[in-house]
Amino acid sequence: MRSWRWYLSRVMRLFLRWFRLCPQRGRRKRQSRVRDLWNYWKVIMKSLYFNVLNNSDTVLDCAFEPIYWLVDNLTRWFGVVFVSLVIALTSSVVIIVYLCVLPIIFSTYPFHWILWHLCYGHWNLLMVVFFYYKATTTHPGFPPQEKSDIPTVTICKKCIVPKPARTHHCSICNRCILKMDHHCPWLNNCVGHFNHRYFFSFCLYMSMGCIYCSISVKDMFLDAYNAIESGRYMGVHAQGEVITDVGLIYSLLPPGDTPGQSYFQTPPPTFTHQERMVHKSLIYLWVLTSSVAVALGGLTLWHALLITRGETSVERHINHKERKRLKLKGKLFRNPYHHGKLNNWKVFLGVQKQSHWLTRVLLPSSHAPHGDGLTWDSPAYRNNTMAI
Ligand SMILES: [Zn+2]
Ligand SMILES: [Zn+2]
């Protein structure tokens, strides 16, 4: 049996030993913490720029990242403005046609031409309105966010979710889109698997409508243009008062421009305020529809070419690169989603029997596209002899 003094001395010795070692332990701890922080900082810094695939493209992408960010945000916020502009311009064309063009057609054209313009014009307008509404309001299709059994090609670096085949990330919508074609600011929506047909049909019918308006209104436009030009040369005041003073007419003309004798022999035409408004409206209508017909017609032809080849706009670039890469190796690239020119169109438009060309293409139809956009099995007509 030991005495309490022995126990006390042991406790005191232990305490003194701990007290002596304390500063050393604290220093070691601090050193270890600083080392950990330094290692952590190095990992963070390396994670910002380290990439085994680093090349000039990656560096350029990083350098232009602020510009991409700005463009993406502007496109996102200006989407509503662009959609409003499409609605406002289309409405203005329709109002001018109803108020200015149709009265002229009713009063001057034979019956069969009146019937043609009424039928074709309203059918075209119905198709444009229907497909624009569907293209803007239908979601393009998104891959599932949770784990699933669908076959995936890769992982999206931004969404951190598996990407099925033909899926790409849209930096403006900030999410992955099934069979992504492009982000359209005029729709304020991405064009993907579920609204690709609506987008193309809208472009097609809008182009057809603009070409139709441009051709139909051409003569009226020339008359209106000549009327405005002659009115200006005749020196019609803004208030509608005709200037009869020859000296004043000369003073109003541009330098070096001399009017012929006919200007003074024939009475100058006078137009009411309403007629002048009609002339200006017809000129606006023809210029607008002709410009859109050229621009949108070109875009529609480009998309028609892509559909014929079974490609989206994104795949066009990827396939082009792949084609060149394989060509250097002496190999031939084959697009796995190309089922033959006609069959590509049938798959795209959802035409499964002859009557569908009328009910699904020439009339408004909201049928779903072929497949779910996640898996890409060959359609039934793949083995058709039409396939190339
Ligand atoms: Zn993504
Ligand atoms: Zn988008």
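In this predicted model, residues 235–246 keep a pLDDT under 50, and the model gives this stretch 16 contacts beyond four places in sequence. Residues 381–388 also stay under 50, with 19 such contacts. Over the protein chain the mean pLDDT is 84, and 82% of residues reach 70 or more.

| Helix | Residues | Mean pLDDT |
|---|---|---|
| H8 (lowest) | 262–265 | 50 |
| H5 (highest) | 196–216 | 97 |

The zinc ion (ligand 2) has four protein donors: Cys-170 (SG), Cys-173 (SG), His-183 (ND1) and Cys-190 (SG), at 2.1 to 2.3 Å. Their spacing in sequence is C-x2-C-x9-H-x6-C. Cys-170 belongs to strand S3 (residues 168–170) and Cys-190 to strand S6 (residues 189–191), so this pair ties together parts 20 residues apart in sequence. Both Cys-170 and Cys-190 are buried. The arrangement around the zinc ion (ligand 2) is tetrahedral because the 4 donor atoms subtend angles of 101 to 118 degrees. For four tetrahedral donors the ideal angle is 109.5 degrees.

The largest nonpolar core contains 19 residues, and Phe-131, Tyr-132, Leu-187, Phe-199, Phe-202 and Met-206 have the most contacts inside it. Two or more residues come from each of helix H3 (65–108), helix H4 (111–137), H5 and helix H9 (273–308). H5 gives the most, with 7 residues. Leaving aside residues up to four places away in sequence, Met-206 touches Thr-90, Val-128 and Leu-296. A second, separate core has 18 residues, among them Cys-100, Ile-114, Tyr-120 and Phe-221.

Notes. Residues numbered from 1 in each chain as written. Chains lettered and ligands numbered in written order. Predicted model: local features only at pLDDT ≥ 70, side-chain atom pairs only at ≥ 80, totals over all residues. Heavy atoms only, no water. pLDDT = per-residue confidence, 0-100. Helix = DSSP H or I, 4+ residues; strand = E, 2+ residues; numbered from the N terminus. Contact = heavy atoms within 4.5 Å. Donors = N, O, S within 2.8 Å, 3.2 Å for Na, K, Ca; no water. Tetrahedral: all angles 85-135°; square planar, octahedral: opposite > 155°, others 65-115°. Buried < 20%, exposed > 50% of the residue type's maximum accessible area, 1.4 Å probe, protein only. Core = buried A, V, L, I, M, F, W, Y, C linked by side-chain atoms within 4.5 Å.
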